[in-house]
Number of protein chains: 2
Amino acid sequence: MDIIIVDDDALVSSSLKTIIESSDDCRVLATAGSGEEAVELYEANQPDILLMDIRMGQMSGLEAAEQILKTHPKAKILFLTTFADDEYIIRALKIGAKGYLLKQHYHSIIPALNAVYSGQNVFGEEITTKLPSVMSTNSNKKDFRDFGILDKEFEIISLVSKGLSNKEIAGELFLSEGTVRNYISVILEKLSLRDRTQLAIFYFNHLSDNKF
Amino acid sequence: MDIIIVDDDALVSSSLKTIIESSDDCRVLATAGSGEEAVELYEANQPDILLMDIRMGQMSGLEAAEQILKTHPKAKILFLTTFADDEYIIRALKIGAKGYLLKQHYHSIIPALNAVYSGQNVFGEEITTKLPSVMSTNSNKKDFRDFGILDKEFEIISLVSKGLSNKEIAGELFLSEGTVRNYISVILEKLSLRDRTQLAIFYFNHLSDNKF
DNA sequence: AACTTAATATGACAATTGTCATATTCAATT
DNA sequence: AATTGAATATGACAATTGTCATATTAAGTT
């Protein structure tokens, strides 16, 4: 299958090229260094797959993709980036990209290309867990520890996230209401949040311990 | 890589087996015909990938997956079905499945398996186009309508669930702060909730726990 | 024109919430 | 015994929130 690689870092695109051409049935038709160039090269070469970085100079990969898909709705565009950014995922999906990989996993690039070529959509491991409204099954307060959240604080967070008021939480944990308020105050500070509602939302976005 | 196939239709699983074993690096360790059997076989064989139908006799593929992932969080489970149903997508993602394919595409099964094996998540063509809508706020409207929630109210709910204050919501929707308060008051009444935090929780619960 | 309805707004009010500075208690450490 | 440091508490305060009763306005409808 024919592939075009787009990345503003020439080192990246050339090593990608090496990796990809190590597979018999992959050919790299060209490499581009910008979104504008990507559009041109796509027109000229009509590759099976366009493998493109998202963050680039002036025209982002997303914009380039949008433009290409406008004239070639069947184009298979696969994004490749270092970060798993929620905004990007959603936008990439909306635009109609065939997937979104992380650069780190170079050994999984070839299988991903094949899957896309055969009509599938492919997403890097970390992606699925980040989809809004979708939470991974493995619960962990490790995430919270990363923010310096203590066990007791975590307990309070999970009660807030069940919808309890301060008074109710106090009753539940045999603390005074004021103490609970203090805890929450500290928690919000640590997580740079403003109020208990944002806290609950944060909890739901980071955890899946949810049984109500 | 080692694979176990689960489908209550023996014809399907045997033809899948044939397809998969046509690839040199795939071995089918076993085939199961029910969710219960799938759990047992997984325990016994620890395959690299479990390829499983969603709709089956009494224990659905989703339930079986949930159970397996409880004890084997790293299990790679790939669903395979005839329908692209929103509910299923959400549920499968939430559980932690590695993907979701459509039975129609025989030729793309092997590439998909390879991609999953190498750590990617794979979704059939039709899936991705649905994902954005599934993730977007629109998808839940229906659920909320069941509670008599109007469009305008839903808009406010989703802003509350993003962590905005009344003032911010007012700014966003060009309403007065008081009006927003009134709206929320009505919403809480309709959903029998007490405050905005419970509302956000309710919202998130309906996103992720969307019906079994 | 008169009537009705939906959407929006206001003001008053109490309750809850979050912040902060300052205790108190108790256990561990020196 | 004295000191330290956590966990917990208190009170004062402002801001936010939720409730409610009551306008106002614009858009239909009769």
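In the class counts of these legends, Ala, Val, Leu, Ile, Met, Phe, Trp, Tyr, Cys and Pro count as nonpolar, Asp, Glu, Lys and Arg as charged, and the others, Gly among them, as polar. The model is predicted, so to speak of local features we need pLDDT of at least 70 and for side-chain atom pairs pLDDT 80 or more, while totals for chains, interfaces and linings use all residues. Residues are numbered from 1 along each chain as its sequence is written, chains are lettered from A and ligands numbered from 1 in the order in which they are written, and side-chain values use heavy atoms, leaving out hydrogens and water.

**View 1. The protein surface near DNA strand D.** Here 18 residues surround DNA strand D, the closest being Ser176(A), Tyr183(A), Arg181(B), Ser185(B) and Arg196(B); a residue is near a strand if one of its heavy atoms lies within 4 Å of it. Of the atoms of DNA strand D within 4 Å of the protein, 57% belong to sugar and phosphate. By class, this surface has 4 nonpolar, 8 polar and 6 charged residues.

**View 2. Polar contacts to DNA strand D.** A polar contact is a pair of N or O atoms within 3.5 Å; within protein, one must be able to donate a hydrogen and the other to accept it, and residues adjacent in sequence count only if both atoms are side-chain atoms. Look for Asn182(A), with a polar side-chain atom 2.9 Å from a base oxygen of DNA strand D. On the backbone side, a polar atom of Arg196(B) is 2.5 Å from a phosphate oxygen of DNA strand D.

**View 3. DNA strand C and its neighbours.** Around DNA strand C there are 17 residues, and Arg181(A), Ser185(A), Arg196(A), Ser176(B) and Tyr183(B) are the closest. Sugar and phosphate make up 54% of the atoms of DNA strand C that come within 4 Å of the protein. The side chain of Asn182(A) places an N or O atom 2.9 Å from a base nitrogen of DNA strand C, and that of Tyr183(B) has one 2.4 Å from a phosphate oxygen.

**View 4. Helices H8(B) and H10(B).** Helices are DSSP runs (H or I, at least four residues), numbered from the N terminus. The axes of H8(B), residues 151–160, and H10(B) come within 10 Å and cross at roughly 95°; axes are lines fitted to C-alpha atoms over the stretch in contact, with angles from 0 to 180 degrees between N-to-C directions. The two helices are therefore roughly perpendicular, a label for angles of 65 to 115 degrees.

How values were computed
Parallel < 35°, antiparallel > 145°, perpendicular 65-115°, else oblique.
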